[in-house]
Amino acid sequence: MSLKVHDSLTRRLVPFEPADPNRVTVYACGPTVYNHAHIGNWSANITWDVLVRWLRASGYGVHYVMNITDVEDKIIRDSQAAGEDRATFTQRWIGVFFEGLDTFGCLHADDFPLATQHVDGMVAMIQVLLDKRHAYLVDDEDGSASIYYRVASFEHYGELANLSQADIRAGGSGRVKADEYEKENVGDFALWKGWVPSEGDVFWEPTFTVDGTPRVVKGRPGWHIECSVMSTAILGDQIDIHLGGEDLRFPHHENEIAQSEAATGKRPFVRYWMHRQHLRVGGGKMAKSLGNFHTAEDLVAHGGASAAREFRYLVASAHYRKPIDFSWDGVAAAARTLRNLDDAWRRLVKHAGDASPSDFGQDAEAAFRRAMDNDLETSGAMAAIHGLVGEANRRAEAGTLTPEDAAGALRVVRLASDVLGLGLGADRRQLTPEQQALVDQRQAARDAQEWAESDRLRDVLLERGVQVKDTKDGQEITLL
Ligand SMILES: [Zn+2]
């Protein structure tokens, strides 16, 4: 194990040394559930999936947490527009998100905490910040009150986003209540947002102690405090790896550090920050207003059922710190590459039979591992696999590929398929409805012990490209 990762805080490639190799703690900022996630979001989820798969393949134990934000400005706005309560509305979108994970072949995290399940913990952390004078309460003119983080009270503020001290001093005089804002608007940010009537029944009424006096503050948590609290609750005060899209570096992750380190007194909150570069479309930004905005559903509607796997290949085989440029040509190229790899896989399986692997492929495996250990340099890792497949093909054509060599090559291609989540070799073809009906008829004949009819249907199926074998578990189907 000699993994190196690029830490966004120190901006350097550093050796990966987790606190406990048997339990590497990984936290990813997950979705805000109010709409379809776009393919930029999915590119980040695919990258984190490859990272977790690689950590596990390297022998680490991993505890992977991805939060789900189920209370937030846009959720309140859109649930009201849909005429649904917040919980019903978010449950529906959580379902869509989980379907997306499966569509893109992403393993599920070990935990998917919901923000609304951790409000007590958020209240407790905000109280600690009030007690330590990192937070203060402001009475708004409309009679509500909000609690803000005092940015100037935390000496390390701005280190992740590389803000200058002048930026931060300017921010010390202002406040932002919105969850998302730009560096130019750096300021004290909302930890607890006072309720306004337009938010309807979305509120909590905790009691905070402010300057020694109990105060009920009707409202809801800000976005940033959610992640500090959920990561601490599940993974502890300090975590190994924190993941997120490049857009989350500021203000979200900067604010997470300020909250967590000030509240726990432990530093660093995160040992390694990893950020995925944005996905671009046609060299530019993807935006709804530009008409080049794609969701997972658009991808499948436009490119067919296989497009999700092709998109995954496009993302997983490029380095995560370089921007991906999405195009349909790119998807088509990924489809061709996957077809070649699938074909190579099938040939190797056939050629290998039951042979034990020789050491053929060991050099390619070493190159694959070296590239993955170099900050997930997946393009180099896949180059090693393509090289191996090419060599196996040449040997097969020359008649010099032994079954043992084929088994050796297959072992390495399987490693790559598992780590990048490519699903090579899986038979994606399905029975046609007509073939399925014949299989069902044959099962009925067997259940009725009509052996002659069963044999006749076996021959009919064979003529139509379906081989049936009878096993103790029932009919075993192979598409020819
Ligand atoms: Zn977060």
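Two strands pair if DSSP finds at least two bridges between them. Helices (H or I, at least four residues) and strands (E, at least two) are DSSP runs, numbered from the N terminus. The model is predicted: local features need pLDDT of at least 70 and side-chain atom pairs count only at pLDDT 80 or more, while totals for chains, interfaces and linings use all residues. Residues are numbered from 1 along each chain as its sequence is written.

Select residues 4-7, strand β1, and residues 12-15, strand β2. They run antiparallel, paired over four bridges. Lys-4 stands opposite Pro-15.

**Zoom out.** The C-alpha trace spans about 85 × 50 × 45 Å along its principal axes. The chain holds 15 helices and 18 strands. Colour by domain, with bounds from an automatic or database domain assignment:

- domain 1: 4-114 + 230-287
- domain 2: 119-224
- domain 3: 327-420
- domain 4: 433-479

The C-alpha centres of domain 3 and domain 4 are 35 Å apart.

**Next, the interior.** Of the 480 residues, 41% are buried (20 or more other C-beta atoms within 10 Å of a residue's own; exposed means 12 or fewer, partly exposed in between; C-beta atoms are placed from the backbone). A nonpolar core is a set of buried Ala, Val, Leu, Ile, Met, Phe, Trp, Tyr and Cys residues joined through C-beta atoms within 7 Å. The largest such core has 122 residues. Val-26, Ile-126, Leu-191 and Val-413 have the most contacts inside it. Helix α1, residues 39-57, gives the most to this core, with 10 residues.

Select Val-26. Contact here means that the C-beta atoms of two residues, placed from the backbone, lie within 7 Å. Beyond its neighbours within four places in sequence, Val-26 touches Val-52, Val-62, His-63, Tyr-64, Val-65, Asp-240, Ile-241 and Leu-243. Across the chain, 73% of contacts with a separation of 6 or more join residues 24 or more positions apart.

**Move to helix α4, residues 119-131.** The expected span of a helix is 1.5 Å times one less than its number of residues. For the 13 residues of α4 that gives 18 Å, and its end C-alpha atoms are 18 Å apart, which agrees. Show Met-122, Val-123, Met-125, Ile-126, Leu-129 and Leu-130: these are buried. Down the axis of α4, the buried residues fall within an arc of 165°, so they line one face of the helix (the arc is that of the directions from the helix axis to the C-beta atoms). After α4 comes Arg-133, with a positive phi near 65°.

**Then a second hairpin.** Strands β5 (135-139) and β6 (145-149) run antiparallel, joined by five bridges. Leu-137 stands opposite Ile-147. Five residues lie between the strands, and Gly-143 takes a positive phi near 95°.

**On to a three-stranded sheet.** This open sheet has the order β15-β14-β16, with mixed pairing. Its edge strands, β15 (284-285) and β16 (324-326), each pair on one side only. Strand β14 (279-281) pairs with β15 in the antiparallel sense over two bridges. Arg-280 has Lys-285 as its bridge partner in β15.

**Last stop: Glu-297.** Find it in helix α8, residues 296-303. Is Glu-297 buried or partly exposed? Glu-297 is partly exposed, because 15 other C-beta atoms lie within 10 Å. Its C-alpha is 34 Å from that of Tyr-60, 237 residues away along the chain.
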